[in-house]
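Here are a few notes to read alongside the model, written for someone meeting it now. Please keep the structure open as you go through the points.

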Amino acid sequence: MPPSILPSFLAYCYIGAITPGPANLCSLSASLCYGRRAALRQWRGLFTGFFLVSMASVLVTYFLGTFLNDYVLLFSWVGAAYILWMALHMLRSSGDIELQEGDAPSFRRGLLVQLTNVKIMIFCLTALGSYVLPYSRSFWALLAVGLFLPFTGPIANLVWLFAGAALSKLLSRHRRVVDVVMATSLALCALSLVWPQLTALAKSLLP
């Protein structure tokens with residue numbers, strides 16, 4: 001990767017990591033409802049899942065190269081559907097006093113969130129395909145960036161987690177409003193995944 005595009009790459013990583021997404025919103029929700037310690041257990045699963053997705057993206061990018069670019073957006077529809085399901089689940093469970101054991105933050109839950117998080121799959125594949133492949137097909141160059149990526153999203157997850165822990169007393173008084181806002185944010189995340197394709201489809205249908 002040439003030094004001249006490094007600022008653009010870092011900006012891409014920052015924006016992609018800190019903006020609302022399934023992992024960030026799950027971290028915020030876990031810290032609000034269960035506290036920092038339980039949310040940190042889930043965060044370890046989030047980190048592990050992100051690392052596995054990043055390494056899988058390195059292998060896929062290395063073996064398929066630019067051929068992958070024509071097909072990766074198809075996965076965005078699957079991701080959008082999953083994110084909308086999360087938003088609906090959040091609204092249905094909003095305001096419940098009794099917390100179900102299956103909903104409690106855990107390493108496995110964090111891992112599952114990331115392994116089904118199409119946002120980070122596209123994030124990793126785009127980073128590797130746009131910032132590495134045009135300049136190098138070296139496996140070691142791809143691996144170096146792939147090892148860096150898990151320290152972007154999961155660090156942002158921690159920011160959301162500690163923000164939720166710090167504001168838990170205030171926001172717990174307005175849990176219904178918080179859940180509606182987070183569910184709306186998830187819905188907007190789902191829309192953002194498919195918006196370019198919807199726009200292209202609309203233009204093609206217009207006379």
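1. Confidence. The protein has a mean pLDDT of 76, and 76% of its residues reach 70 or more; pLDDT is the predictor's confidence in each residue, from 0 to 100. Helix 7 (residues 139–148) has the highest confidence, with a mean of 91, while helix 9 (residues 168–172) has the lowest, at 61. Helices here are DSSP runs (H or I, at least four residues), numbered from the N terminus. Please be careful with residues 95–102, where the pLDDT is below 50. Beyond near neighbours in sequence, this stretch has seven contacts in the model, a contact being heavy atoms within 4.5 Å. Where pLDDT is low, the predicted coordinates should not be read in detail.

2. Ground rules. This is a predicted model, so local features need pLDDT of at least 70 and side-chain atom pairs count only at pLDDT 80 or more, whereas totals for chains, interfaces and linings use all residues. Residues are numbered from 1 along each chain as its sequence is written, and side-chain values use heavy atoms, leaving out hydrogens and water.

3. The helix 7 face. Which residues of helix 7 are buried? They are Leu142, Leu143, Val145 and Gly146 (buried means under 20% relative accessible area, exposed over 50%, partly exposed in between, with a 1.4 Å probe and protein chains only). Seen down the axis, the buried residues of helix 7 fall within an arc of 165°, so they line one face of the helix; the arc is that of the directions from the helix axis to the C-beta atoms. Their cover includes helix 1 (6–18), helix 3 and helix 6 (118–131).

4. Aromatic pairs. Six aromatic pairs turn up in a search of the whole structure. Rings of Phe, Tyr and Trp (its six-membered ring) pair if their centres lie within 6.5 Å; planes under 30 degrees apart count as stacked, over 60 as edge-to-face and the rest as tilted. One of the pairs joins Trp43 and Phe47: the centres are 5.7 Å apart and the planes at 40°, so this pair is tilted. Trp43 and Phe47 are four residues apart in helix 3 (residues 36–64), about one helical turn. Trp43 is buried at 17% relative accessibility, and Phe47 is partly exposed at 23%.

5. Phe139 and Trp140 make an edge-to-face pair, 5.4 Å centre to centre with 75° between the planes. Phe139 is partly exposed at 25%, while Trp140 is exposed at 64%.

How values were computed: Helix = DSSP H or I, 4+ residues; strand = E, 2+ residues; numbered from the N terminus.
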